[in-house]
Amino acid sequence: MTLERVLILSAVVFSIGLYGFLTKRNAITMLMAIELMFNGVTIAAVAMARYITPSVLRVDPTATSDGLVQFVLSGQVLSMFVIAVAAAEVSLGIAIIITVYRARRTIDVTEVNLMRR
Amino acid sequence: MTINDLYLIAPEIALASTGLIVIVLDLVLNNKRFLPVFALLGVLVSVFFTLALCADISASSNGSMIGLFSTLVVDKFAIFFKLLILSIVALVVLGSVDFVNKFEDSQGEFYGLILLSAVGMMLMAATKELISIYISVELATLPIAALAALMKTNRSSEAGLKFLLLAAVSSAFLLYGMVLVYGFTGSTYLDVIAGAVTTGAVPFGSSVMLAGIALIVVGFGFKISMVPFQMWVPDVYEGSPTPVVAFLSVASKAAAFAVILRVFYVGFGGVNVDWASMFAVLAALSMTTGNLVAMMQTNIKRLLGYSTIAQAGYILVGVAAITATTPDGGIVGLGPSGVLFYLAGYAVTNLAAFFAIIVINNHINSELISDFSGIAKRAPLLSAVIAISMISLIGIPPTVGFMGKLYLFNAAVSSGLVWLAVVGVLNSVISAYYYLRVVKTMYLGAGEPENRITYSLPVLVAVVVVVIGILVIGIVPGPLFEFTEVAVRSLFIAS
């Protein structure tokens, strides 16, 4: 598995998510599409970290643990944070969708257009 | 994490704990009138820590302190934005007391979420590492989505949904850009990124860097409501509770511009991509689109929404007016310091307009500009406030808006962007039409002078403070401008 292929995979996943966000009309499906975009990013982050690790070690075999954290693990740390923040985002999203549903009895975003004239 | 790290984020810790305390107090207190007092106390403690940090970095040798695995940097630049955001929070809390008192529940949530969002914004100005920037952006954004939907009415929940969905997509773009930059340079630290870019020690070709920068611009473009990523602005402005819009329009914009300046000037300063020209074009587009569409608006909040898009364009002029340092530490060009100055001026100006509109909306229950007809007879002081604020938004002396535009367009001319300055001036002329139309409706429309509009003392204090801010900074801009120059200089020293 080369880095290139993993990056293509991540771009494909990201694009599928973006396509879903732009075409779907159901707010929950749109949240799922956003989740897909975040997952595409996560794949890329981990792949980058995996690629950078050996190269940094090759350049500097005596790299200290601080240096390793700073350069090597950033991608993996990023992916952990993305997962956590995405969870927060979705929970807030669902909460807001529930208030929309209570007010409107629908979560179809084409019908949620009180203000667009 | 050491004690020193805790000291460096003491302003944020103070604000975050106040936010949580206010939410808990809301559950146990019967008299909700104490909630804003607690919120203001928290802001005061945070200001105290910020000033202590400011004194410490003035005494230190290199003018900045770094902590939390060197992700956090406290320099004059960060201090400027922290103080700006804290003042905005204090003013918004004061100015929305009447509005929030009408809530049957979730008063504590209102103040708590504003404070938590402000924590994210303060961190945005003070981080120099991409992951922390992302986390702070989310911390600043998510509470605002919740605040937008706080009223649980049809319009409010719609605004919250739209804001949340588009903010989430924009942060996905931002993240993708950050990951590409990380892959290109091997680090998420802005200073290391700058080093890798200048030495050319990079694993991929520069096209990946270009893609990364473009995606980061998309991500931040949403936050500063820049064309072509502005479509959420009018709906969210119209639907959200007005105090939330006031907070969103000034604080969120200031914090996002802080990140843009730090990321682009510190991290991407040496990149072989002409991002300054890109910002110049986007600035022209934002100004023109915002101003042209604003002319057709009938709702005052929508009008201010399009106005904020145009104002984002003016501020972007300062980002595009690229500034360089001379070897002896002097600064060529006024771009970034103009941005800082304009953001402070925009904060007082826009808050003045919104505070007056909050009170008037509360009484006439309408946001249509036509319903503001003759309101000057019912609320002479508030109408004068709106008039001063509109004059400042156009950029007519002796207001701060004039001084801000003067600095920004001056910076544009001195860095060779004469065409952009011309576009900016033309746009200011166009904008006079719709800003003055509001003033004309208020003063010349027919209206009955009886049943005066009343408001409480905190609101009066907030309104008076912002109006004094508009006029005093407009007449004596020197001290603030010196502060912004010191702040921007610390940005360059850090790089």
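Student: How many aromatic pairs does the structure hold over all chains, and how is such a pair defined?

Tutor: Rings of Phe, Tyr and Trp (its six-membered ring) pair if their centres lie within 6.5 Å; planes under 30 degrees apart are stacked, those over 60 are edge-to-face, and the rest are tilted. Over all chains, the structure holds 21 aromatic pairs. One of them joins Phe80(B) and Phe81(B) edge-to-face, at 5.3 Å centre to centre with 90° between the planes. This is a predicted model, in which local features need pLDDT of at least 70 and side-chain atom pairs count only at pLDDT 80 or more, while totals for chains, interfaces and linings use all residues. Side-chain values use heavy atoms, without hydrogens and water, residues are numbered from 1 along each chain as its sequence is written, and chains are lettered from A and ligands numbered from 1 in the order in which they are written.

Student: Are Phe80(B) and Phe81(B) buried or exposed?

Tutor: Buried means under 20% relative accessible area, exposed over 50%, and partly exposed in between (1.4 Å probe, protein chains only). Phe80(B) is buried at 4%, and Phe81(B) is buried at 0%.

Student: Which parts of the chain does the pair of Phe264(B) and Phe279(B) link?

Tutor: Helices are DSSP runs (H or I, at least four residues), as strands are (E, at least two), numbered from the N terminus. Phe264(B) lies in helix H12 (residues 242–267) of chain B and Phe279(B) in helix H13 (residues 275–294) of chain B, so the pair links distant parts of the chain, 15 residues apart. Their rings are edge-to-face, 5.1 Å centre to centre and 80° between the planes. Both residues are buried. Phe264(B) and Phe279(B) also belong to one aromatic cluster with Tyr265(B), Phe268(B) and Trp275(B).

Student: What area do chain A and chain B bury between them?

Tutor: The size of an interface is often given as the accessible area lost when the parts come together. Buried area is that loss (1.4 Å probe), summed over both parts. Chain A and chain B bury about 4,000 Å² between them, 75% of it on carbon and sulfur atoms. In contact terms (heavy atoms within 4.5 Å), 47 residues of chain A meet 44 residues of chain B.

Student: Which side chains meet in a salt bridge?

Tutor: A salt bridge is a side-chain nitrogen of Lys or Arg within 4 Å of a carboxyl oxygen of Asp or Glu. The count between chain A and chain B is 1: Glu158(B) and Arg104(A), at 3.2 Å, N to O.

Note on methods. Buried area = accessible area lost by both parts, 1.4 Å probe.
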